Amino acid sequence: MNSRFAYALGFSLAWSTAGMATAETVWLDDLNLAAATQGWGDPHKNQSVEGHPLTIGGKRFERGFGTHAAGLLRVNLDGGAQKFSASVGVDDEVNGNAASSVEFIVRGDGRVLWQSGAMRAGAPAKDCEVDLAGVKSLVLEVSDAGDGENFDHADWADAKFETAAGRPATVPAEPPLAFVAPYMLTPAAPATPRINGANVFGVRPGSPFLFTIPATGDRPIKFSAIHLPHGLKLDSVTGQITGTLNKPGQYLVTLRAKNSLGEAEKPFRIVVGNQIALTPPMGWNSWNCFAGAVSEEMVKSAADAMVKSGLINHGWTYINVDDYWQNHRDSQDPTLRGPFRNRDGVIVPNSRFPDMKGMADYIHNLGLKAGLYSSPGPWTCGGCAASWQHEEQDAQTYAKWGFDYLKYDWCSYGEIAAGGDPNAKNIPLWGKTAKDDAGAIFPYQVMGKFLREQNRDIVFSLCQYGMADVWKWGGSVNGNCWRTTGDIVDTWKSLSGIGFKQDQAAPFAQPGNWNDPDMLIVGQVGWGNLHPSRLNPDEQYTHISLWCLLSAPLLIGCDMTKFDDFTLSLLENDEVLALDQDELGKEAMCVLKDGDVRVYEKDLADGGCALGFFNLGPAAANRQFNQLATLGFKGKLRVRDLWRQSNLPDVDAANGILPLTIPAHGVVLYKITAAK
Ligand code: GAL
């Protein structure tokens, strides 16, 4: 429908309460709601934040604005507005979740005009009526009511203005950014051999060993290794190291790669012990591109693309299938219909995945690793069969098929943790949390134990959005990484809202235990409906730089068969990736704020330190940065621009100045080391 037409429909005539003048009703949902900012998801017109009909305390509303705390919507009233009214409350889609509480606040010209007080899930809507006489600008705010933003789904139902003159209009929080064309900073890898990737690799005693030496340079390359421990063998053509090591301990190996133009070598530490994922996992996951449409063919094509694109030569390893490899509880799609388990209780993949072991073998033969997804409840988040009461059997099945990674969600388990009936039909997939921390931890203890009992190393990735401060206990249940947030989408709001809020979890990151701010949103993404990432190029540099500083698992979320040169250049900068893969395993934190600029600092194993200067504002930021001494640096310093892989002039910590021009929403990423 044409927007002018839609707008005209939004007006209807009513009689003013203020006397003789004729008032018009302007519905909030007819204004541009995209101007809103909110803590999670996107603003919805006439729907909740998750896209359901607006429902508060059992009552359904046809119109309104569905949002999420912390939310802000600014409205310019343009003179003549007389009244604002709405029915507000937490949307019923959160299913009585105890964590969801919000407060609605209406401000006019900076003054609080109305506030709801804390409102909880299930409570009836409160009527809000605000006299707007003389008010010029209005802010509709939703706060988290002091207990965090989890499950704070907030509805401004039936929200409308009565106006005698003028036309209310929402005001975007930020003016739109100027267009930025893709620009590539990563220099091409040299034709001579270079060995990339992590310096360390962890394996458990007796587990199958698979490591592919990531190396760039003209092919053919001949690989060799000095001091490779007994039990391992190296294929000199593919660079794949396989075998098993039974004795716990450390092995210091030298990896070598030689081609007709030269030779490279690199020290490499193999640690045989309890801990795996000594550096954050790097790979691909099917969700952000294919979501519920994934198939074995798509997964194999992704694995092929990981090799053909050359990304395997930069350390990218895992090919992970997310939700929808199982049969679905109620989908009409014939490819998702079939038995959930066989007579022995073994999970049965859907018809799009005819040969799970064959698929894992295919991935391994390429030198890559394979990942899978499940949930502790009876159903996954998408409504497919999950692991409830089959945890041990599932762990055994994954190992038998040859999977190396399990992402384990929370969906539908919430109902069980909250005391509901797991066998009830249509058990809610979303919304419920455990009664206490022990209840939130329990399902991960169960699966963590069974995964550990398998005779292969399976990276355990927890996906429960940070509940019960997962970073404090994820390691104790054998977790290797854990999501700290809800799902990311490819917008600046989502990226910045998640990426710049990781400080509280940061001190808990260490080799084998990583905070996961969710998967990458560069390239062609779209959850079953592909489009180029809506992040502009500067925002994409911010994304990759920040995730590497945060020591985040790096899981590419795009269709890798559709790479463009810009996206590839973001994913193959070895000096940037080296921050993520640094063996010290320290996660960066924000150490300075200066207006819109945030400075993140990450200590590195070689004694150096990475500094990310991020500009969260809508215009380029220029700074003469002179706070190196404040950050604890001393003496003469070497400054390296990691994206450009080139050195700047040395500076002195005491009085040196780093001139910075940081694009809007962009980054400058430096590594600082002592100058020789
Ligand atoms: C969500 C999870 C997503 C994806 C999805 C599958 O809970 O956060 O990353 O796995 O479930 O249904």
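Predicted model: local features only at pLDDT ≥ 70, side-chain atom pairs only at ≥ 80, totals over all residues.
Tryptophan 527 sits in the loop between strand 32 (524-525) and strand 33 (531-532). Check its backbone: phi is near 50°, a positive value in a residue other than glycine. Its relative accessible area is 25%, so tryptophan 527 counts as partly exposed.

Asparagine 288 belongs to helix 2 (residues 287-290). Is asparagine 288 buried or exposed? Its relative accessibility is 1%, so asparagine 288 is buried.

Now show the ligand. Which of the 14 residues around the ligand come nearest? They are Asp322, Asp323, Lys407, Tyr465 and Asp487.

- Aspartate 322: a side-chain N or O atom is 2.6 Å from an oxygen atom of the ligand.
- Aspartate 323: a polar side-chain atom is 2.7 Å from a ligand oxygen.
- Tyrosine 465: a polar side-chain atom is 2.8 Å from a ligand oxygen.

On its own the ligand has 310 Å² of accessible area, and the protein covers 98% of that. Colour the shell by class: seven residues are nonpolar, one is polar and six are charged.

Select tyrosine 324 next. Tyrosine 324 lies in the loop between strand 26 (318-320) and helix 4 (356-365). Its phi is positive, near 85°, and the residue is not glycine. Most residues other than glycine have a negative phi. Tyrosine 324 has a relative accessible area of 14%, so this residue is buried.

Move to helix 7, residues 437-452. Helix 7 has 16 residues and spans 22 Å from first C-alpha to last, close to the 22 Å expected at 1.5 Å a residue. Its buried residues include Ala440, Ile441, Tyr444, Met447, Phe450 and Leu451. Pro443 and Gly448 are buried too. What do the buried residues of helix 7 pack against? Highlight helix 5 (391-401), strand 28 (405-408), helix 6 (413-417) and strand 29 (459-462).

Then take helix 9, residues 537-549. Its 13 residues reach 18 Å from first C-alpha to last, close to the 18 Å expected at 1.5 Å a residue. Of these 13 residues, 13 are buried. Look at the start of the helix: a side-chain oxygen of asparagine 536 comes within 2.9 Å of the backbone nitrogen of aspartate 538. Past the other end, serine 551 follows with a positive phi, near 50°.

Jump to glutamate 265 in strand 24 (residues 262-272). Its side chain makes a polar contact with the side chain of arginine 256, at 2.7 Å. Leaving aside neighbours within four places in sequence, glutamate 265 also contacts Ile195, Thr254 and Leu255.

Finish with two peptide bonds. Most peptide bonds are trans. The bond from alanine 69 to alanine 70 is cis, with omega near -10°. Alanine 70 is in the loop between strand 6 (64-68) and strand 7 (71-76). Arginine 219 and proline 220 are also joined by a cis bond, with omega about -5°. Find proline 220 in the loop between strand 19 (215-216) and strand 20 (222-226).

How values were computed: Residues numbered from 1 in each chain as written. Heavy atoms only, no water. Helix = DSSP H or I, 4+ residues; strand = E, 2+ residues; numbered from the N terminus. Expected span 1.5 Å × (residues − 1). Buried < 20%, exposed > 50% of the residue type's maximum accessible area, 1.4 Å probe, protein only. Polar contact = N/O pair within 3.5 Å; in protein donor to acceptor, adjacent residues only side chain to side chain. Near = heavy atom within 4 Å. Areas by Shrake-Rupley, 256 points an atom, 1.4 Å probe, with all protein chains shown as cover. Nonpolar A, V, L, I, M, F, W, Y, C, P; charged D, E, K, R; others polar. Contact = heavy atoms within 4.5 Å.
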